[in-house]
Amino acid sequence: MTSPTALDIDHLRSWIGREEAASESVSPELVRKFRAMFDEEPGDPQPGDLAPTLLHWCLAQPVAQTKALGPDGHPARGGFLPPVPLPRRMWAAGSFVFHDALKVGDAVRRLSRIDNVEVKTGRTGTLCFVTVMHEVTAGDRAILTERQDIVYRDLDSGVQKAAPPPAPEGHHRRAVDPSPPLLFRYSALTFNGHRIHYDHPYVTQVEGYPGLVVHGPMQATLMLRYAAELKGAAPARFSFRGLSPLFDNEMFHVHAEPEGAGIKLWTARAGGPVAMTAEAAW
């Protein structure tokens, strides 16, 4: 197990303030594929039509050559993100403030900045948190401000942990089948090479999970889409936090519970712990 002192935190924190910019246009074909992935009619999107919320995760992703990928399928460390020497990398949490909506045909620009790097000790050992801020614009229109929290940690130590409590039932809920084709399609649309989402031998034999891991951002997208459907409008603010993984070998539900003017949401398999929580506000 890696100890906090084994990490050169001063070196890692030298990445704070580093920026990266990327651009890509919202094409009708991308919108069609995004809709079809979530079993929505693809339709015939036209320039100026509203694009799905969180479609920006499919735009302007880092383009690394295949030979430049690390053993886990991510781009080798030490580029825009700091080279944290811990084997597991996960998207732990995120939050959004939406200023405007993306439209088909928009030329989208994302400016990303490393905001913070810190090391902590948790029940699984050493944890390194990297906070990234993103500003997404389309021409002179501000679209959204996003905070992304990435956590790096060791592989599981094998120590038996206490079973978490079962997830509660929401007032509203929707079943989701996290099939391998769905996970593969999301990886493809987001140009995400992380092998835990599509490579069964790797995820079970190397990382020790019982099945393919359901993407955190996809869970967040499902919850936001469900909240917007229940409320009849996309939220102005949205945040989410991952608590435990979901896998392709079991159905899960998106749960929703109205709370004041907002909605609390969570994902969980039947009888299982809460996997991800979210809050939507208007």
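## The second largest pocket

By class, the lining of the second largest pocket comes to 23 nonpolar, three polar and nine charged residues (Ala, Val, Leu, Ile, Met, Phe, Trp, Tyr, Cys and Pro count as nonpolar, Asp, Glu, Lys and Arg as charged, and the others, Gly among them, as polar). This is a predicted model, where local features need pLDDT of at least 70, side-chain atom pairs count only at pLDDT 80 or more, and totals for chains, interfaces and linings use all residues. Residues are numbered from 1 along each chain as its sequence is written, and side-chain values use heavy atoms, with hydrogens and water left out.

The volume of this pocket is about 860 Å³. Of its 35 lining residues, Phe-38, Glu-40, Pro-52, Arg-225 and Tyr-226 sit closest to the centre. A pocket here is an open set of points, on a 1 Å grid over the protein atoms alone, with protein on both sides within 12 Å along at least five of seven lines; a cavity is a set where a 1.4 Å probe fits but cannot get out, and lining residues have an atom within 4 Å of a point. Grid points are joined across faces, edges and corners, and a volume is the space filled by probe spheres set on the points.

Helices (H or I, at least four residues) and strands (E, at least two) are DSSP runs, numbered from the N terminus.

## Two of those helices meet

Helix α3 (residues 180-189) packs against helix α5 (residues 216-231) at an angle of about 100°, with the axes 10 Å apart. Axes are lines fitted to C-alpha atoms, for helices over the stretch in contact, and angles run from 0 to 180 degrees between N-to-C directions. The two helices are therefore roughly perpendicular to each other (65 to 115 degrees; under 35 is roughly parallel, over 145 roughly antiparallel, and the rest oblique).

On the α3 side the contact (heavy atoms within 4.5 Å) uses Leu-182, Leu-183 and Tyr-186, and α5 answers with Pro-217, Met-218 and Thr-221. That makes five nonpolar residues, one polar and no charged.

## The sheet

Ten strands form an open antiparallel sheet, in the order β1-β3-β4-β5-β2-β7-β10-β9-β8-β6; two strands pair if DSSP finds at least two bridges between them. β1 and β6 stand at the edges with a single partner strand each, so one side of each has no neighbour in the sheet. From one strand to the next, the twist averages 20°.

Strand β2 (residues 88-98) runs antiparallel to β5 (residues 141-153), joined by 10 bridges, and also antiparallel to β7 (residues 237-242), with five bridges. Gly-94 shows both pairings: Gln-148 stands opposite in β5, and Phe-240 is the bridge partner in β7. Further along, β8 (residues 252-259) and β9 (residues 262-269) pair in the antiparallel sense over eight bridges, with Pro-258 opposite Ile-263 of β9.

## One cavity

There is one cavity of 30 Å³ or more, and the largest cavity holds about 50 Å³ of space. Ala-22, Glu-24, His-56, Leu-59, Ala-60, Val-108, Arg-109, Arg-110 and Val-136 line the largest cavity. β1 (19-25) and β3 (107-122) are the elements that supply two or more of these residues, and β3 has the largest share, with three. By class, the lining splits into five nonpolar, one polar and three charged residues.
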